[in-house]
Amino acid sequence: MGLQAIVVGVLVQFSESFSMVDLFDTEPGAPVDLMGSVIWPLCLDEDAQAAMLADLRDVARAAPFRQYETPGGHKMSVRMTSAGDVGWMTDRKGYRYSKRHGDGGAWPEIPASVLDVWRAVSGVDRDPDSCLVNFYGEGARMSLHQDKDEAELRWPVVSISLGDPGLFRVGGQARTDPTKSRWLMSGDVAVLSGDARLAYHGIDRIKFGEGGLLPDGGRINVTLRVAR
Ligand code: SIN
Ligand code: FE2
């Protein structure tokens, strides 16, 4: 790491009120522990990222991205679509998994490129039935939450990052537990399982336009779950 990177890293660390892991760690390989969640840095190389992006564009053509409303009446800043037997959604009636997307059709199939990642890192021999695709445009964020709308909470959650860096924050099973943060880079994969399955987590912000993979900027997160 060059001096410039070290200086920038130190400045970034001082500007955050929480603990920060090395911003410039983009080598593939060893998994990183973040409050019990496991992050595989650069699990997907650039070719694999581009191939997955093309598959996700097909998903979005079949089931267009939507901006959902929370039960409390807030429009989410992240745009969402899904693949699989069921897709996660929310409106005034609540958070839930639905067999149909907004236009009334079944969700498209989960692309093989995405399933391959689950099979490589989930550690279980059951495939996911739901693949949420989140799109973060400029200024989008995801506040701290638990993934707990699934029928059985013992299956892992696998989450793939593409495009612009996103500042991932993870804590414990109570909202007030201490948290740690790390920039998720394009090609990184995070796994929430075991004690971390119900950890509070979210994306504080993205670095819009800094990722390179999406020509117009933005971040995509693909979350795989066994929902039913
Ligand atoms: C989520 O928790 O639903 C999204 C996490 C992410 O965007 O990395
Ligand atoms: Fe989540």
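The largest pocket of this predicted model has a volume of about 700 Å³. A pocket here is an open set of points on a 1 Å grid over the protein atoms alone, with protein on both sides within 12 Å along at least five of seven lines. Grid points are joined across faces, edges and corners, and a volume is the space filled by probe spheres set on the points. The lining of the largest pocket comprises 37 residues, where a lining residue has an atom within 4 Å of a point. Nearest its centre lie Met 76, Met 142, Ser 143, His 145 and Asp 147. By class, the lining has 17 nonpolar, 11 polar and nine charged residues. Ala, Val, Leu, Ile, Met, Phe, Trp, Tyr, Cys and Pro count as nonpolar, Asp, Glu, Lys and Arg as charged, and the others, Gly among them, as polar. Strands β6 (94-98), β7 (130-136), β8 (142-145), β9 (157-163), β12 (189-192), β13 (201-206) and β14 (219-225) each supply at least two lining residues. Strands are DSSP runs (E, at least two residues), numbered from the N terminus.

Ligand 1 takes up the space of the largest pocket, on the criterion that more than half of its atoms lie within 2 Å of the grid points. Elements giving two or more residues to its shell are β7, β8, β13 and β14. Around the ligand are Asn 134, Tyr 136, Met 142, His 145, His 201, Ile 203, Arg 219 and Asn 221, each with a heavy atom within 4 Å. This shell divides into three nonpolar, four polar and one charged. Polar contacts are pairs of N or O atoms within 3.5 Å. An N or O atom in the side chain of Tyr 136 is 2.5 Å from a ligand oxygen. For Arg 219, a polar side-chain atom lies 2.8 Å from an oxygen atom of ligand 1. The corresponding distance for His 201 is 2.9 Å. The protein covers 96% of the 260 Å² of accessible area that ligand 1 has on its own (Shrake-Rupley method, 1.4 Å probe).

The second largest pocket holds about 170 Å³ of space. It is lined by 12 residues, with Gln 49, Gly 163, Met 185, Ser 186 and Gly 211 closest to its centre. The lining has four nonpolar, six polar and two charged residues.

One cavity of 30 Å³ or more was counted, a cavity being a set of points where a 1.4 Å probe fits but cannot get out. The largest cavity has a volume of about 40 Å³. Its lining includes Arg 66, Tyr 68, His 101, Asp 103 and Trp 107. Five lining residues are nonpolar, three polar and two charged.

Local features need pLDDT of at least 70, side-chain atom pairs count only at pLDDT 80 or more, and totals for chains, interfaces and linings use all residues. Residues are numbered from 1 along each chain as its sequence is written, chains are lettered from A and ligands numbered from 1 in the order in which they are written, and side-chain values use heavy atoms, with hydrogens and water left out.

Notes
Helix = DSSP H or I, 4+ residues; strand = E, 2+ residues; numbered from the N terminus. Polar contact = N/O pair within 3.5 Å; in protein donor to acceptor, adjacent residues only side chain to side chain.
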